[in-house]
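This report considers charged side chains and overall dimensions. The sequence and structure are shown first.

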Amino acid sequence: MNSIGMFDMHNHILFGVDDGAKTIEDSLALIKVAYNDGIRGLVLTPHFHPKRGMAHYAEVVENFNELVDVVEERIPDMQLYLGREVYYRSDILETKGSFDKYLMSGTACMLVEFSTTVEENYIKNAVSNLLFEGYQPIVAHVERYACAVKNKKLVDELKSIGAYIQINADSVLGKTGFAVKQAVKYYLKNGLVDFISSDAHDLKTRKPELAAAYAYVAKKFGEDYAGLLFRENAIAMLNGEL
Ligand SMILES: [Fe+2]
C-alpha cells in the first residue's frame, strides 16, 4: 500500500471531553488535516485520566455521535470509531457493569497509558492483570516511559507477556529527542511495534499526521511492516481479529 488509507488509532480529536479538541469545529479542522495526510480511519481515544480528562461515557458517546453525523455528510470516506486512552490504575479492574467505556470500539482491546516515570514492574503487572481479566492491553506510546528508553528490552518482555505496543509518529521522526529515537529504532528493528499513531491533540504541537513517519518506516523497515503498523493492525483490531 502507499500512505493513502492509513488508520490513526490514538488521538484526541473528539471535542469537548479531554485536553484535545475543544469544539466540533476543532474536531473538523483536525479531521481535514488527517484526511489530507492520507488517513481514512480514526479511532478517537479521549483520555480517561484524572488530570487530562475524565468525561462521563454518556457525554463521550453523545459528542461522538454528533461528530459522526457531520463527518458522514462532509467527509464521507473518513471512518470514525470510538475508543479511549485509559490511565491505568488497578481499581479500573474493579469496575462493575459495562466495561465498554474503557475499550477500543467494542473490542476487548484497551489502550492504556502510564506516568512517564512509571516503574518497569508496574507496567508488567498492569499488562498481566488486564490479560488475566480477559482484556487485551495496548501500551500507549511506550517510548515516553523513561524506563522503556533506559531498558529497551522491557518492550521485548511486555510483548512476550502478551501486550501490544503503540508508539507516536513524532517519536519515530526524532521530534521527542535522540535517546527516544534510538529506542524507537530498536523497537522497530526487533518487530516489537504494533501501531504507530499521532496522539494528536491540536494543530500546533502534535497534528494528526502520519505520512512522514510512514515514509520513514517503509524506507527503513519495508512497506509490509509499514502497512501493518499504519493500517492493517488497526483494521484487524477493529474487526476483533487481534
Ligand atoms: Fe494520548
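## Salt-bridge network

In this predicted model, a network of salt bridges links Arg-144, Asp-199 and Arg-206. Between Asp-199 and Arg-206 the closest N and O atoms are 2.6 Å apart. Asp-199 is buried, at 1% relative accessibility, whereas Arg-206 is partly exposed, at 21%.

## Other salt bridges

The structure contains eight salt bridges. One of them joins the side chains of Lys-124 and Glu-157, with an N to O distance of 2.9 Å. This pair connects distant parts of the chain, since Lys-124 lies in helix α3 (residues 120–132) and Glu-157 in helix α5 (residues 153–161), 33 residues apart. Lys-124 has a relative accessible area of 17% and is therefore buried, the limit being under 20%. Glu-157, at 32%, is partly exposed.

A further salt bridge is formed by Arg-231 and Glu-232, whose closest N and O atoms are 3.4 Å apart. Both residues are partly exposed: Arg-231 has a relative accessibility of 26%, and Glu-232 has a relative accessible area of 36%.

## Negative surface patch

Glu-59, Glu-62, Glu-66, Asp-69, Glu-72 and Glu-73 form a patch of negative charge on the surface. Glu-73 belongs to helix α2 (residues 57–74). With 68% relative accessibility, Glu-73 is exposed.

## Overall fold

The protein comprises nine helices and nine strands. Its radius of gyration is 17 Å, close to the 18 Å given by the globule rule for 242 residues, so the protein is as compact as a globular protein of that length. The C-alpha trace spans about 45 × 45 × 30 Å along its principal axes. Of the 242 residues, 53% are buried.

Methods. Residues are numbered from 1 along each chain as its sequence is written. This is a predicted model: local features need pLDDT of at least 70, side-chain atom pairs count only at pLDDT 80 or more; totals for chains, interfaces and linings use all residues. Side-chain values use heavy atoms; hydrogens and water are left out. Patches are made of residues with over 30% relative accessible area and no salt bridge: like charges are joined within 9 Å, nonpolar side chains (Val, Leu, Ile, Met, Phe, Trp, Tyr) within 5 Å. Accessible areas come from the Shrake-Rupley method with a 1.4 Å probe; for residues, only the protein chains shown count as cover. A salt bridge is a side-chain nitrogen of Lys or Arg within 4 Å of a carboxyl oxygen of Asp or Glu. Lys and Arg count as positive and Asp and Glu as negative; His and the chain ends are not counted. The place of a charge is taken as NZ of Lys, CZ of Arg, CG of Asp or CD of Glu. Helices (H or I, at least four residues) and strands (E, at least two) are DSSP runs, numbered from the N terminus. Buried means under 20% relative accessible area, exposed over 50%, partly exposed in between (1.4 Å probe, protein chains only). The radius of gyration is taken over C-alpha atoms; the globule rule is 2.2 Å times the number of residues to the power 0.38.
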